[in-house]
Amino acid sequence: GLSDPKFNIINSLKKYGGPKVDIIRHGLSEHEALLIEATLIDTFGVDQISNKVKGIDSNKFGIMDIKLVDEIYKGKEFKEDISAVCFKINKAWHKNIDEEMLYNKIRGNWYLNIRRAEKATYGIGVYEGVIKGIYKICNWEKDETHESKRFRFNGYKDEKMQKFKGYSLLNHPAHKVRGPLFYYNCY
């Protein structure tokens, strides 16, 4: 059968009288217990333990750089007078994503209305309504590997726009659309 690391570790400790067990907190709801478990997994590192899965919501609420926490709770409305295509990267973004991967996820391979997209000056990546990346669009290219109308932009990180990372587009009416992207001032 498949080997289970947690089982193997516990089994190997039997010759020493079994694993030492400490109760860290008791009297908790299941959700509170899962949050504490996730916190401890973050603290000790998933490599130190044999759990197959990181703790509950660790990507959203786990250990992270203070700048990321600031971005999450900044909550300021993004109201700049620019035009942009905003891409929802909810599945792609994670707290350890590097700059190159973030750029590639945002510039994408999107099924979009190219005439409308060409009116945009910026490509913005949005995670749960919060701006995670802003790139100045140089041009659009058609994805030749698909027969479909999928496009990606070529662009660069515009330094003067970086201060808007962490701003919110959650209340922008277009954010409420169900699709993977929305247009901001692209009429």
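The model is predicted, so to speak of a local feature pLDDT of at least 70 is needed, side-chain atom pairs count only at pLDDT 80 or more, and totals for chains, interfaces and linings use all residues. Residues are numbered from 1 along each chain as its sequence is written, and side-chain values use heavy atoms, with hydrogens and water left out.

The structure holds nine aromatic pairs (rings of Phe, Tyr and Trp, the last by its six-membered ring, with centres within 6.5 Å; planes under 30 degrees apart are stacked, over 60 edge-to-face and the rest tilted). One of them, tryptophan 93 with tyrosine 127, is tilted, at 4.7 Å centre to centre and 40° between the planes. This pair links distant parts of the chain, 34 residues apart: tryptophan 93 is in the loop between strand E1 (84–88) and helix H5 (99–107), and tyrosine 127 in strand E3 (residues 122–127). Helices (H or I, at least four residues) and strands (E, at least two) are DSSP runs, numbered from the N terminus. Tryptophan 93 is buried at 6% relative accessibility (buried is under 20%, exposed over 50%, partly exposed in between; 1.4 Å probe, protein chains only).

Four salt bridges are found (a side-chain nitrogen of Lys or Arg within 4 Å of a carboxyl oxygen of Asp or Glu). In one, the closest N and O atoms of glutamate 141 and arginine 152 are 2.8 Å apart. Glutamate 141 lies in strand E4 (residues 130–142) and arginine 152 in strand E5, so the bridge ties together parts eleven residues apart in sequence. Arg107 joins Glu141 and Arg152 in a network of salt bridges.
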